[in-house]
Amino acid sequence: MSRMQGNGSASGNAPRAVMTSEEKFLRVKRELHEQLIAGMDLAVIGTMNEEELRMEVRRAAEELTRLSSDLLNLSERERLVNEVIDETFGLGPLEPLLRDPTITDIMVNGPKVVYIERRGRLEPVDIAFHDDRHLLQIIQRIVGRIGRRVDETSPMVDARLPDGSRVNAIIPPLALDGALLSIRRFGARPLLVSDLMAYKAITPEMVEFISACVKSRVNIIISGGTGSGKTTLMNALSAFIPRDERVATIEDAAELRLQQRHVVRMETRPPNIEGTGEVTARDLVRNALRMRPDRIIVGECRGPEALDMLQAMNTGHEGSMTTIHANDTRDSLSRLEMMAGMAGFDLPIWIIRRQIASAIQIVIQVARLLGGIRKVVKVSEIIGMEGEVISMHDLFGFKQTGVDARQVPQGYFFATGIRPQCMDRLETSGNGLPTTLFERRILGS
Ligand SMILES: Nc1ncnc2c1ncn2[C@@H]1O[C@H](COP(=O)(O)OP(=O)(O)OP(=O)(O)O)[C@@H](O)[C@H]1O
Ligand SMILES: [Mg+2]
């Protein structure tokens, strides 16, 4: 923490005998914190509401500042009270970041290095934890809320904050330079398709096509790298699901915020400390099938649940969606193949491929480009099998041509000129589209 103030006159490397006001502030804060913990009855604190608590801390702060020779002004005293409350009962230095709605990710790399992402850009922030112990304490507080602990026997945990933000923590010795904490925030409001169009992440033509697919119950996969916007796009596209349908969602950490009324949400559960009680995505997909959903949405497909999902998509739960971690639409099919193979039935590869080819019609690739810009970079259609290979063609794409002076990627969206095979299906379900939509051209020009 190096927010030194008032040292303008300190020249060269001469030792500074006088404390800066920031150092003084930190000392008073530490004292108040210690006093508070020593002098307060924790059982009583537990029964206080936030307002009473603040009054109590303020009273103690006033007492302390009256006794000490360090004069704190009113705004410093206010800051002192807020920070001590955050330290004692909240998430310490993370609190101001969590209150800032423009921050989408918080990354803590050990006690002294913290980064945030804001509007797609990573930036370091000037906050720090006192030391390793302090950071660990905050991590325990986060995961403690969901009844878990991080320690040597379980050094990695996933958890959530009360507002739904997704948290991952990993501690030494697995993390080499102090504990690592990653928080994926939820913005105040999920991005809508109209926002994605305004950000030029997708074009109206692509939206016209994809929305017709969603309405016509075409099965869709969204593929992309870490943090590329898969979940965001899936959430936005869910708006096209008719209101009267029953949708079952399955996630590892509930992130989706579907706008339909008839949504039943399920979340997987990791094993407890004794290693029992795990509920996998696979268990939940199977359970969902008995719940008579019209569609199943699996937040992220990353294991053997792929097979159950393919079977569900092939047996009456059309209009289902999931996301897959892959670098290209074709790559996502190999990933799916591999994951379905993990189900352990020793199925021959051609059977799995055939399942994939008949279950899935559209694969949408999203990418995080330089500078944090997210775009739909490809929309592909699966058209069947050719021998043992799944055939696929591209309908839309994004071509990056370079970067501008500020390193912002430049390029254009285009239609490939291929008429989708699912046009007839769209037509029969009342969502027919003009063939001109797919004419080969640069879009938006
Ligand atoms: N088109 C977009 N423009 C700007 N920000 C976006 C866009 N799409 C997503 N984001 C932001 O990017 C971050 C990552 O998005 P999201 O969680 O959807 O990615 P993901 O691919 O599902 O990530 P993960 O691999 O962790 O599951 C979020 O903070 C989200 O708000
Ligand atoms: Mg995601």
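Biologist: What makes strand 4 and strand 5 (residues 166–170) a pair?

Modeller: In this predicted model, strand 4 and strand 5 are joined over five bridges in the antiparallel sense. Two strands pair if there are at least two bridges between them, so strand 4 and strand 5 qualify. As an example of a bridge, Val 157 has Ala 169 in strand 5 as its partner.

Biologist: Why are strand 3 (121–125) and strand 4 (156–160) called edge strands?

Modeller: The sheet is open, with six strands in the order 3-2-1-6-5-4 and antiparallel pairing. Strand 3 and strand 4 each pair on one side only, and they are therefore its edge strands. Direction ignored, neighbouring strands of this sheet are turned by 15° against each other on average.

Biologist: Which strands form the edges of the sheet with mixed pairing?

Modeller: That open sheet has 10 strands, ordered 9-8-10-11-7-12-13-14-15-16. Strand 9 (263–267) and strand 16 (441–442) are its edge strands, each pairing on one side only.

Biologist: How do you know that strand 14 (residues 389–403) and strand 15 (residues 409–415) pair?

Modeller: Seven bridges link strand 14 and strand 15 in the antiparallel sense. Helix 13 (residues 349–359) lies across strand 13 (374–386) and strand 14, and runs at about 120° to strand 13.

Biologist: What surrounds ligand 1?

Modeller: There are 18 residues around ligand 1, and the closest are Thr 104, Ala 201, Gly 229, Thr 231 and Thr 232. Strand 1 (103–109) and helix 9 (230–237) are the elements that give two or more residues to this shell. Helix 9 gives the most, with three residues. Domain 2 (93–188) and domain 3 (193–442) each supply at least three residues of the shell. By class, the shell divides into four nonpolar, 10 polar and four charged residues.

Biologist: Which residues have a pLDDT below 50?

Modeller: The mean pLDDT of the protein is 86, and 90% of its residues reach 70 or more. Over residues 1–16, however, the pLDDT is below 50. This stretch has 13 contacts in the model beyond near neighbours in sequence. Where pLDDT is low, the predicted coordinates should not be read in detail.

Technical notes:
Residues numbered from 1 in each chain as written. Chains lettered and ligands numbered in written order. Predicted model: local features only at pLDDT ≥ 70, side-chain atom pairs only at ≥ 80, totals over all residues. Near = placed C-beta within 6 Å. Helix = DSSP H or I, 4+ residues; strand = E, 2+ residues; numbered from the N terminus. Nonpolar A, V, L, I, M, F, W, Y, C, P; charged D, E, K, R; others polar. Domains from an automatic or database assignment. Axes fitted to C-alpha atoms, helices over the stretch in contact; angles between N-to-C directions. Contact = placed C-beta atoms within 7 Å. pLDDT = per-residue confidence, 0-100.
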